[in-house]
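Hi,

Here is the structure I promised to pass on. Have a look, and my notes follow below.

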Amino acid sequence: MGRLPSGLQILERNDCELCRSQGNVATVKTFEAHDAKVIIADIQDAAGDLLARELGGPDTARFIHCNVSHEERVAAVVDLSVSAYGGLHAITGVKHAARVMKPMQTGCIITTASMAAHVAVSPTAYTTFKHALLGLSRSAALELRDFNIRAKRVCPGMIRTSIWNELAQTTSVSQDMAGPFCIANAALFLASDDSSFVNSGDLASMISMINGFLNLF
Ligand SMILES: NC(=O)c1ccc[n+]([C@@H]2O[C@H](COP(=O)([O-])OP(=O)(O)OC[C@H]3O[C@@H](n4cnc5c(N)ncnc54)[C@H](O)[C@@H]3O)[C@@H](O)[C@H]2O)c1
């Protein structure tokens, strides 16, 4: 995506059904509303293509199929940002982002971690992975600071996205749970010049600690 100005406008797009259930859709729309050019990388080809078209097509948004478990696909996402939009200013990925941001001497790497990066409230594999992400992001902040690259995390609690659909059928998940825009706006702030003096910080940790939360674990 392109460089974001300061003076952010916080969005709540209640008109968009997908934004209410898909964290990544809310984030893409929030960034695009602030004139960022976005690369949408996902394994859902039809939905990704449609979203890119809705946002105005190649001049504004492009979709690329990317399974993040394949490193070469992640590298292709970064390379597409450079070839299509002339650079890369904010991304949710570390290694290949650093490759293109270092020569630019600027950039922001945002990791979507979790409250589980700080406390053990989730299944073991998830907690372990999110703790590892925290370490990766902190190390990136340290190693890349001399290149004017910032690494930060969004650490949500429970956010109402599609991953809770199944659980919501069987547990007392609160209807008051925060929505995807809480995270999208947190990421927007971290990517913008408004947070240019923030490095290696977490935002939105403990978002939406709700009454029903402890019933889940
Ligand atoms: N929803 C929450 O309560 C919550 C809380 C803390 C952290 N998180 C984190 O937020 C992130 C996004 O989750 P979400 O809640 O927005 O879920 P979501 O289901 O709305 O979005 C997940 C997206 O990832 C895509 N995806 C799945 N596997 C992929 C792969 N291998 N390669 C590329 N794309 C893939 C899916 O197609 C989907 O579009 C996750 O890292 C999750 O751990 C979510």
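First, a term: a nonpolar core is a set of buried Ala, Val, Leu, Ile, Met, Phe, Trp, Tyr and Cys residues joined through C-beta atoms within 7 Å. Buried means that 20 or more other C-beta atoms lie within 10 Å of a residue's own, with C-beta atoms placed from the backbone (12 or fewer is exposed, in between is partly exposed). This is a predicted model, where local features need pLDDT of at least 70 and side-chain atom pairs count only at pLDDT 80 or more, while totals for chains, interfaces and linings use all residues. Residues are numbered from 1 along each chain as its sequence is written.

The largest nonpolar core has 48 residues, and Ile-40, Ile-109, Ile-110, Val-154 and Ala-187 have the most contacts inside it. Helix 8 (residues 180-191) gives the most to this core, nine residues. Helices here are DSSP runs of H or I, at least four residues, and strands are runs of E, at least two, numbered from the N terminus.

Then there's His-89, in the loop between helix 4 (71-85) and strand 3 (90-91). His-89 counts as buried because it has 20 C-beta neighbours inside 10 Å. Met-101 is twelve residues from His-89 in sequence, with 7.4 Å between their C-alpha atoms.

Cheers
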